[in-house]
2 protein chains.
Amino acid sequence: MDESCYWNQKTFAIVTGASRGIGRTLAEKISKQMGADSVLLLISRDEKDLDSLQKAIETDRPSVRVHVGVTDLSSCDESALNGVVSSALAGESAESFAHALCVHNAGSLGDATKRCTDLVSVNSCVQYFQLNLASVVVLNAIFLRRFASSLSPVQQRKTVVNMSSLCGVEPFSSLSLYCTGKAGRDMFFKVLAKEEPDVRVLNYAPGPVETNMRTQLLHQSWTEEIKSGGLGLTTEMTCDRLMAILAGDSYASGAHVDYYDP
Amino acid sequence: MDESCYWNQKTFAIVTGASRGIGRTLAEKISKQMGADSVLLLISRDEKDLDSLQKAIETDRPSVRVHVGVTDLSSCDESALNGVVSSALAGESAESFAHALCVHNAGSLGDATKRCTDLVSVNSCVQYFQLNLASVVVLNAIFLRRFASSLSPVQQRKTVVNMSSLCGVEPFSSLSLYCTGKAGRDMFFKVLAKEEPDVRVLNYAPGPVETNMRTQLLHQSWTEEIKSGGLGLTTEMTCDRLMAILAGDSYASGAHVDYYDP
């Protein structure tokens, strides 16, 4: 597929965890590829960083409307998520968009100093799974219900991206909650791909990217396997790869695709 | 391995979801194989069914002490779980047991009438993951910390069983939360197996067993794939298979083993 054909359309896109790291770079890249009158909804807890990103994008792409949704995905309920999506649409009809895209990028590492046998707080675990699973499930449903029109996939393309990880398919010591959440998320989006053949679903593992999360991981983890991970990728590199995979549009819906896959 | 060698020892065993279905049958079978002075902790919300099971086992095996832990794993905190395990030990030293076994069997199907796009309640999802992930993680840590002695695996065997499912490795329409939880659980126990080489960890997929959960599934699910599942296994059949796999002791720790595996 011609990349410009995939991207250069009136698009409604959500990126969670957009204030920094992969989410921020991805939001910038998506904003550059969207057609005129597109809407980009940036979700994060961090209002200040979101505001600066909004300003930068609006300067760069005046024809794209950027909406900031300051939301804590580890504690918000569905009405907050519904409200954020409604505000971003601002009365515009969902049918007016040629492409609807949701990137579930937000997530947390958990405490990588802890072994499985250290996880003795129910509340901590519940909150971890609320951020990394429950809020993803609900935002995803809200997004797809909003765009559940009678339009065909040719008239309105729908794409859902789950930011996955090698940890979603391989166990790593010191990362039990992270691995658990990522494996669960991958599976959720595999089910979504089966249930919704008109939605394109991608589980993308971005590789070892130089982000705050990776710094935290290298600082906290006690295992050599992780400590010896070497230099990471830049957010630019992994986001370029993701953008190309989406535009290439040849992945099987629901597949787990890694940065390093051929 | 000689089966009697695996089972016929002083054992401390926990079975969650023990009031009915696979958990109940498994608790009965374990009680028959335990050595004298063993302790069997049965956990479930359902006091009445637990009490009747306790009486039946104590009549059958007077040398086994059965402890009932009435606990709602979808809402309890770690102090409740700690309390239940302490009560079951009743002051006995953890080192006095030759075998410590925890079977994470409790779980819920979720609402199989719902598609991914119907999951719009954060609280419902949070509660689902509390029962099916968070409580499992925390009970597991409490159990292993209690038996974290300096004894070698020869002096004290430790086994953890996760009741998994084919849904933990394959996506099924109408079962998004169930698949997500089971995939997450499998991964958690794979990490545990890596972190704790002295603990034997098994993810066991029991096959399609005739239980209340399967009745609910066949009643609720809208998909032909599930409706056409045919006759199920009895709880006897799948528990016999699990008991033999444990006693055979040849599985790789952390592996996912299905009833139908050769």
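**View 1. Superposition of chain B on chain A in the predicted model.** A rotation of 180 degrees brings chain B onto chain A, with 0.0 Å of shift along the rotation axis and an RMSD of 0.0 Å. This is how copies about a two-fold axis are related. Within chain B, Gly184(B) has the C-alpha nearest the axis, at 2.2 Å from it.

**View 2. Interface residues of chain B and chain A.** Of the interface residues of chain B, 100% are interface residues in chain A as well, so the two copies meet through the same surface.

**View 3. The open sheet of chain A.** Seven strands with parallel pairing form this sheet, in the order β3-β2-β1-β4-β5-β6-β7. The edges are held by β3 (65-70) and β7 (256-258) of chain A; each has a single partner strand, so one side of each has no neighbour in the sheet. On average, and with direction ignored, neighbouring strands are turned by 20 degrees against each other.

**View 4. Pairing of β1 and β2 in chain A.** Strand β1 (residues 11-16) and strand β2 (residues 39-44) of chain A run parallel and are joined by five bridges. Ala13(A) has Leu40(A) as its bridge partner in β2(A).

**View 5. Helix α2 of chain A on the sheet.** Helix α2, residues 21-33 of chain A, packs on the sheet. The strands of chain A that helix α2 touches are β1, β2, β4 (99-104) and β5 (157-163). The direction of helix α2 makes about 170 degrees with that of β1(A).

Conventions: Residues numbered from 1 in each chain as written. Chains lettered and ligands numbered in written order. Predicted model: local features only at pLDDT ≥ 70, side-chain atom pairs only at ≥ 80, totals over all residues. Heavy atoms only, no water. Least-squares fit on C-alpha atoms with pLDDT ≥ 70 in both. Contact = heavy atoms within 4.5 Å. Pairing = 2+ DSSP bridges. Helix = DSSP H or I, 4+ residues; strand = E, 2+ residues; numbered from the N terminus. Axes fitted to C-alpha atoms, helices over the stretch in contact; angles between N-to-C directions.
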